[in-house]
Amino acid sequence: MSKRSQNYLSWVKNASGWLLPILLVAFWDVAARNGWITSKILPAPLDIVHAAINLSLSGDMLQNILISTKRAGGGLLIGGSIGLTLGLLNGIFRPADRYLDTTIQMIRNVPHLALIPLVIIWFGIGEEGKVFLVALGVFFPIYANTYHGIKMADPQLLEMGRVYDLNPWQLFTQIIFPSALPSILVGLRYALGFMWLTLIVAETIATTSGIGYMAMNAREFMQTDVVVLAILIYALLGKLADTAANLLELRLLQWHPNFRHG
Amino acid sequence: MPIQNLNIRRECNVYPASNYAKPKMKVVEKVNQKSTSGIEIKIENLSKSFGDINVLENLNLAIKPGSFVAIVGRSGCGKSTLLRLISGLDQADVGTIYYDGSQHNAINGDARFMFQEARLLPWQSVINNVRLGLNKAEFPKALNALKQVGLESRADVWPSVLSGGQRQRVALARSLVHEPRLLLLDEPLGALDALTRIEMQNLIERLWRELGFTAILVTHDIFEAVALADRVILLNEGKIDLDLDINIARPRQRSDMELNRLGEEILQRILTTPVTS
């Protein structure tokens, strides 16, 4: 087989996954144009593009994306750092583990989204409530994976550290933390999923700004194009966050055979 | 077959190490006489048990500074336990270990331990693994140590891309960079293929002769013990069953008749000793 036809074949293989989505969108477009689906149910793909352009030009869309991203980032930062700290603390110090882990596991079993009514009472519909919910949502995956990662540190390596007279701080930075890092990064990826999920729900229920608000507001006026646009923005932001986490893994876990590229 | 140039002492190891009269041997010629830098070890009445099992029972042993001692025996005879006690990684139930006449309790910079696994940090490059526990000013030493084991060209790769033998060479470099006066080897060559083993044995022997540390090697491989050591100690059920001086001039040929005869002798002794537990 010639090299050229091989290249062609591999191109077809790579592209074949995109065939169905393209066909579906094409069918959707045709269906919307011919009135098989009314725009109240689902707008035509081009209408969504129009909505995106209009909202971008007015600055509303960027504004809302910015606000949502801030909430997400703030919650991730707060919940993530508490989760990381407690995970490290309980993973390393047995007494801390004894006193704290049971409580944390009990709280974990409360679905954090069930707290929304209470959170509205506590914080109103301001920023704090949403950041609080996101922080709560990202806390557990980061906590649990950090804890697990620390517990999985190889006792053989720890013993080796003893042979080399490493002090506790060196043991932590050289052996314990790097051992836990792959697990912590898995926790981060889970946390990013929870982050967007929590934000979507929180913004839909009680808010006056953000992507969720944009969608709920559009629903009042039956602007299905904006609603679908908001959904797509969420999807895109989620994908971006996941890609960022992936790049972080590739960078920090270069040593790991499973993450080596090329 | 008559036994001439070796002393077999079959003992129930009940007398203290101070009375332990080890016949003088003077065969080993060192490349450079730095044997004074090796640690002298004395072990008195050492016992260790795990639960109901007595792993070591009232063991006495004296090891000359700069000598190369191999400890052999069946699995579970207590040889690894003995090595871990000597290092200070584990504590004995009863008995004392002396380094150069003073009591030794916890592992310190004088002794380095090589495990069966290389135990390199997978997230550090080879050179950074060798630098473990060094301060910045001493970093140049790490590259020298890598040169000693012939791996300076792999300084910047991750350990995961190295072969098993190369990893153990890095572990050896990491041990030697601290200029230990005692090197404890817990079957570090056990997982290597036959050819790599021989290369590693030669490397360890060469570095031991150059650097003059005391070396204690725990091994399953009787012929490895005989080829490398000045003295082979056979442990059986926590007691010294046989204590042989190997007075064969270095560098030793693996095909040496005497060496093979001694190996066979020890092997037969192990095989004919009944296993009670």
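Contact here means heavy atoms within 4.5 Å. The model shown is predicted.

**View 1. Helix α1 of chain B lies across strands of the four-stranded sheet.** Helix α1(B) covers residues 79–87. The strands it lies across are β1, β2 and β4 of chain B. Relative to β1(B), the helix runs at about 125°. Strand β4(B) spans residues 94–99.

**View 2. Four strands of chain B make an open, antiparallel sheet.** The strand order is β2-β1-β4-β5. The edges are β2(B), residues 53–63, and β5(B), residues 102–103. Each edge strand pairs on one side only. Strand β1(B), residues 41–50, pairs with β2(B) over 7 bridges. These two strands are antiparallel. To find this pairing in the model, look for S49(B), whose bridge partner in β2(B) is N54(B). Strand β1(B) is also joined to β4(B), by 5 bridges. That pairing is antiparallel too. Here E44(B) has T96(B) of β4(B) as its bridge partner. In a regular strand, side chains alternate between the two faces of the sheet.

**View 3. Strands β4 and β5 of chain B form a hairpin.** The two strands pair in the antiparallel sense over 2 bridges. One landmark is Y99(B), with S102(B) in β5(B) as its bridge partner. Between the strands lie 2 residues. D100(B) sits in the turn and has a positive phi of about 50°.

**View 4. Six strands of chain B build a second open sheet, with mixed pairing.** The order is β6-β7-β8-β3-β9-β10. At the edges stand β6(B), residues 111–114, and β10(B), residues 239–245. Each has a single partner strand, so one side of each is left without a neighbour in the sheet. From one strand to the next, the twist averages 15°.

**View 5. Strands β7 and β8 of chain B run parallel.** Strand β7(B) covers residues 182–186, and β8(B) covers residues 214–218. They are joined by 5 bridges. Within this pairing, D186(B) has V218(B) of β8(B) as its bridge partner.

**View 6. Helix α1 of chain B also lies across strands of the six-stranded sheet.** The strands are β3, β6, β7, β8 and β9 of chain B. Strand β3(B) is residues 68–72, and β9(B) is residues 231–236. The helix runs at about 155° to β7(B).

**View 7. Chain B as a setting for the close-ups.** Chain B contains 7 helices and 10 strands. Of its 277 residues, 54% count as buried. Take contacts in chain B between residues at least 6 apart in sequence: 73% of them join residues at least 24 apart. The accessible surface of chain B is about 11900 Å². Carbon and sulfur atoms account for 50% of that surface.

**View 8. A nonpolar patch lies on the surface of chain A.** Its members are L89(A), I92(A), F93(A), Y99(A) and L100(A). Together they have about 480 Å² of accessible area. Helices α3(A), residues 60–92, and α4(A), residues 94–108, each supply at least two residues of the patch. Y99(A) lies in helix α4(A). Its relative accessibility is 66%, so Y99(A) counts as exposed; the cut-off for exposed is over 50%.

Terms used. Residues numbered from 1 in each chain as written. Chains lettered and ligands numbered in written order. Predicted model: local features only at pLDDT ≥ 70, side-chain atom pairs only at ≥ 80, totals over all residues. Heavy atoms only, no water. Patch = residues over 30% accessible without salt bridge, like charges linked within 9 Å, V, L, I, M, F, W, Y side chains within 5 Å. Areas by Shrake-Rupley, 256 points an atom, 1.4 Å probe, with all protein chains shown as cover. Salt bridge = Lys/Arg side-chain N within 4 Å of Asp/Glu carboxyl O. Buried < 20%, exposed > 50% of the residue type's maximum accessible area, 1.4 Å probe, protein only. Pairing = 2+ DSSP bridges. Axes fitted to C-alpha atoms, helices over the stretch in contact; angles between N-to-C directions.
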